Amino acid sequence: MRIDILTIFPGMFDGVLGASILKRAIAAKRLTVRVHDLRRWSPDRKHRKVDDRPYGGGPGMVMRPEPFFAAVEALTANAQRGRKAKGPAPRVILLTPQGQRLTQPVVQRLAKRQHLILLCGHYEGVDERIRALADEELSIGDYVLTGGELPAMVVLDAVARLVPGVLGDATSAHDESFSGPRLEYPHYTRPRVFRRMAVPEVLVSGDAKAIEVWRQLAAWQRTRQRRPDLVKAS
Ligand SMILES: C[S@@+](CC[C@H](N)C(=O)[O-])C[C@H]1O[C@@H](n2cnc3c(N)ncnc32)[C@H](O)[C@@H]1O
């Protein structure tokens, strides 16, 4: 899978791409991530400005449409040239608090795509006409952040870990919270007793069937306690 990110703060992505599972997935070529400085496509050659004052007045700056359009057109044309057989076009996603809420089913759907382009807004937001570029708009929750960079990292991380071969056997997305109608069962590791809190006996019994039954029951029990809305919706 390939993910292109358009941002005015490309350096923000260094940490997330340079550590842990994402770093390994990129090194193993399971995942290609390109972070592009949007200013490269600014029509303002001298100052590389990508924002301007809002028509109608009001506080803050709004991101201009030209750099986003030029960047997406360039990336899409490159992608078309790069595809030997005629495959699906990149899916362009605008990060915005006004978009569809990001959920695990949305992540699962996106993980099936070959190529995503993520557009990060900043300041007061983006010129309304940029929406015409996007195949979909995603929000990571009902709160407002300063920019689309953290939301893009969230989408990137959630999608990448579902790409085949990224997690490997050691960490599996199987049975996880939100992969079905319930939360995942509780986990324990060593020590067997910690500050008088003991690991449930069944987990050290060696009885695989009993462990499976306990996990299923525990998963449903905690889903009912913490997220009754998931139980109702199932
Ligand atoms: C300060 S926000 C703009 C908010 C906008 N004025 C509004 O009220 O809807 C700047 C940028 O951050 C990103 N952003 C902020 N919160 C977000 C969220 N919850 N989900 C996705 N993107 C978000 C978007 O890219 C947005 O263009």
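# Fold, ligand shell and backbone of a predicted chain

Leu94 finds its bridge partner in strand E6 at Leu119. The model is predicted, and local features are reported at a pLDDT of at least 70 and side-chain atom pairs only at pLDDT 80 or more, whereas totals for chains, interfaces and linings use all residues. Residue numbers start from 1 along each chain, following the sequence as written.

**Overall architecture**

The protein chain has 7 helices and 9 strands; these are DSSP runs numbered from the N terminus, with helices (H or I) of at least four residues and strands (E) of at least two.

# Fold, ligand shell and backbone of a predicted chain

Leu94 finds its bridge partner in strand E6 at Leu119. The model is predicted: local features require a pLDDT of at least 70 and side-chain atom pairs count only at pLDDT 80 or more, whereas totals for chains, interfaces and linings use all residues. Residue numbers start from 1 along each chain, following the sequence as written.

**Overall architecture**

The protein chain has 7 helices and 9 strands; these are DSSP runs numbered from the N terminus, with helices (H or I) of at least four residues and strands (E) of at least two. Along the principal axes, the C-alpha atoms of the chain fill a box of roughly 70 × 45 × 35 Å. The domain assignment divides the chain into domain 1 (2-160) and domain 2 (174-234), with bounds taken from an automatic or database domain assignment. The centres of the two domains, taken over C-alpha atoms, are separated by 36 Å.

Of the 234 residues, 25% count as buried. A residue is buried if 20 or more other C-beta atoms lie within 10 Å of its own, exposed if 12 or fewer do, and partly exposed in between, with C-beta atoms placed from the backbone. Among contacts with a sequence separation of 6 or more, 73% are between residues 24 or more positions apart; a contact requires the C-beta atoms, placed from the backbone, to lie within 7 Å.

**The parallel sheet**

An open sheet of 5 strands has the order E2-E1-E6-E5-E7, with parallel pairing. Strand E2 (32-37) and strand E7 (136-139) are the edge strands, each pairing on one side only. From one strand to the next, the twist averages 30°. Two strands pair if DSSP finds at least two bridges between them, and the following table lists some of the pairs.

| Strands | Sense | Bridges |
|---|---|---|
| E1 and E6 | parallel | 5 bridges |
| E5 and E6 | parallel | 4 bridges |
| E5 (91-101) and E7 | parallel | 5 bridges |

Ile3 has Leu116 of E6 as its bridge partner, while Leu95 stands opposite Leu138 in E7.

Strand E6 is mostly covered, with 5 of its 5 residues buried. Both of its faces are covered: His115, Ile117 and Leu119 lie on one side, Leu116 and Leu118 on the other, and all are buried.

Helix H5 (149-160) lies across E1 (2-7), E2, E5, E6 (115-119) and E7, and runs at about 175° to E1. Axes are lines fitted to C-alpha atoms, for helices over the stretch in contact, and angles run from 0 to 180 degrees between N-to-C directions.

**The ligand shell**

The ligand is surrounded by 20 residues, and the closest are Pro97, Gly121, Gly125, Gly148 and Pro151. A residue is near the molecule if its C-beta atom, placed from the backbone, lies within 6 Å of it. E5 supplies the largest share of this shell, 4 residues. By class, the shell has 9 nonpolar, 10 polar and 1 charged residues. Ala, Val, Leu, Ile, Met, Phe, Trp, Tyr, Cys and Pro count as nonpolar, Asp, Glu, Lys and Arg as charged, and the others, Gly among them, as polar.

**Surroundings of Ile26**

Ile26 is located in helix H2 (20-27). This residue counts as partly exposed because it has 16 C-beta neighbours inside 10 Å. Beyond its neighbours within four places in sequence, Ile26 is in contact with Leu17, Leu31 and Val33. Ile26 and Arg2 are 24 residues apart in sequence, and their C-alpha atoms are 9.9 Å apart.

**Backbone features in loops**

The peptide bond from Arg190 to Pro191 is cis, with omega near 5°. Pro191 belongs to the loop between H5 and strand E8 (193-194).

Phe178 is placed in the loop between H5 and E8. Although Phe178 is a residue other than glycine, its phi is positive, near 75°. Phe178 is partly exposed, because 15 other C-beta atoms lie within 10 Å.

Arg196 also is not a glycine and has a positive phi of about 65°. Arg196 lies in the loop between E8 and strand E9 (197-198). With 5 other C-beta atoms within 10 Å, Arg196 is exposed.

Key. Two residues are in contact if their C-beta atoms, placed from the backbone, lie within 7 Å.
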